[in-house]
Amino acid sequence: MDHALVLARRGLGNTWPNPAVGCVIVGGPSGDRVVGRGWTQPGGRPHAEVMALAQAGAAARDATAYVTLEPCAHHGRTPPCTEALIHAGIARVVTALTDPDPRVSGQGHAMLRAAGVEVVKGVRAADAWALQRGFLSRVTRARPMVTLKLATSFDGRIATAAGESRWITGPAARRHVHAMRLRHDAVMVGAGTARADRPALNVRGFGPVRQPVRVVIASAPIPELAAEDDMHGPLWVLPPPLDEALAELARRGITRVFCEGGGQLAAGLLAGGLVDEIVGYTAGIVLGGDGRAAVAPIEMTGLANAPRFRLVETRNLGGDILHRWAVDAEA
């Protein structure tokens, strides 16, 4: 299952509206050899199980399939993966999570058992939950997972008083930001950032990739941004309020959103309880109290009502510090 989870991560940012799933098939004469591997392909098809079965071929018979999410049980553009596993002669299926999608929701496991396939559930469930958080959020909360990025000076500023911000953080941190964009379906900014910076909001430095959707939250016209092409994803302009904008993204299939500012958008998301994870990049530079704050004012009645997050990771990135915070312990 650990191997399957690693494979599943390859699909993050590429498979929406489908989940990023990994599958490993173990079989062979002694029953302990990996005979097939697969992960969900760009655009959500083919599914991980189909990829792994194609690689395994006849070796799939009487083998065990490890899948990070319950195999689908419904007919869409392709037949369900449960049928593919059954027809291939898989003897045992081990899954990490039950799929909450009403079209599946235990039916995949039931179909497998009805066909005589042994089913084991809940293996590495916490790790799979963290990996599938965006998809699970879209299905169960009708909004995508939101990651808020804050690249700041040591004293929490994103620019000088005059607006100068290039560059507060170093090359390693900036490359990591592009890697984060790559693992999200959409990159989001507010109207102020779009007008002031006219950002590209694309992934650079990783070769040809599926570019994320560019989302701007604006209630008035914004400057013209780059047209969609091989280097720029689709551009969607959505009006506030933020909860309705996120709900619209979920309806369009988006599962993971990487929010890059500015301060007003960050404050609105935090105040609305709409942030699932914060990724901070802190540089060893001080800009002072007249610099521009990373987060605009948030109306609070007291410290007890302040948004709080749990530290889950910290490490050096060149001369900067990466720190990642989640809204709960499971992330």
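By the grid criterion applied to this predicted model, one cavity of 30 Å³ or more is counted. A cavity here is a set of points, on a 1 Å grid over the protein atoms alone, where a 1.4 Å probe fits but cannot get out. Grid points are joined across faces, edges and corners, and a volume is the space filled by probe spheres set on the points. The largest cavity holds about 80 Å³ of space. Its lining comprises 16 residues, of which L12, T15, A20, T255 and R256 lie nearest the centre; lining residues are those with an atom within 4 Å of a point. By class, six of the residues lining the largest cavity are nonpolar, eight polar and two charged. In this classification Ala, Val, Leu, Ile, Met, Phe, Trp, Tyr, Cys and Pro are nonpolar, Asp, Glu, Lys and Arg are charged, and the others, Gly among them, are polar. Residues are numbered from 1 along each chain as its sequence is written. Because the model is predicted, local features require pLDDT of at least 70 and side-chain atom pairs count only at pLDDT 80 or more, whereas totals for chains, interfaces and linings use all residues, and side-chain values use heavy atoms, with hydrogens and water left out.

The largest pocket has a volume of about 1,300 Å³. It is lined by 43 residues, and K149, T193, D197, E260 and G261 are those nearest its centre. At least two lining residues come from each of strand 6 (145–152), strand 7 (157–159), helix 7 (171–182), strand 8, helix 8, helix 10 (263–271) and strand 13 (292–293); helices (H or I, at least four residues) and strands (E, at least two) are DSSP runs, numbered from the N terminus. Helix 8 gives the largest share of this lining, five residues. The lining of the largest pocket divides into 23 nonpolar, eleven polar and nine charged residues.

The second largest pocket has a volume of about 480 Å³. Its 19 lining residues include L12, A130, R256, E277 and R324, which lie nearest the centre. Two or more residues of this lining are given by each of helix 5 (125–131), helix 7, strand 12 (277–282), strand 14 (310–317) and strand 15 (320–326). Helix 5 provides the largest share, three residues. The lining of the second largest pocket consists of eight nonpolar, two polar and nine charged residues.

Within helix 5 lies A125. This residue is partly exposed, with a relative accessible area of 28%; with a 1.4 Å probe and protein chains only, buried denotes under 20% relative accessible area, exposed over 50%, and partly exposed the range in between. Although A125 and M1 are 124 residues apart along the chain, their C-alpha atoms are separated by 9.8 Å. When residues up to four places away in sequence are not counted, A125 touches A96 and L97, contact being defined as heavy atoms within 4.5 Å.

Strand 12 is largely enclosed by the rest of the structure, because six of its six residues are buried. E277, V279 and Y281 point one way from strand 12, and I278, G280 and T282 the other way. Strands are taken as paired if DSSP finds at least two bridges between them. Strand 6 runs parallel to strand 12, with six bridges joining the two, and A151 stands opposite Y281. Strand 12 pairs with strand 15 in the antiparallel sense, also over six bridges, with T282 opposite I321.

Strand 9 (residues 213–217) is likewise largely enclosed by the rest of the structure, since five of its five residues are buried. V213, V215 and I217 point one way from this strand and R214 and V216 the other way. Strand 8 (residues 186–190) runs parallel to strand 9 and is joined to it by five bridges, and V189 has V216 as its bridge partner. From strand 8 the chain crosses through helix 8 (residues 191–197) to strand 9 in a right-handed β-α-β crossover; with the strands pointing away from the viewer, the path from the first strand over the helix to the second runs clockwise. Strand 9 is also joined to strand 10 (residues 235–238), in parallel, by four bridges, and V215 is partnered with W236. In helix 9 (residues 242–251), the buried residues are L242, A245, L246, A247, L249 and A250. Just after helix 9, G253 takes a positive phi of about 100°.

Conventions
1 Å grid on protein atoms, 1.4 Å probe; cavity = no way out; pocket = protein on both sides within 12 Å on 5 of 7 lines; lining within 4 Å.
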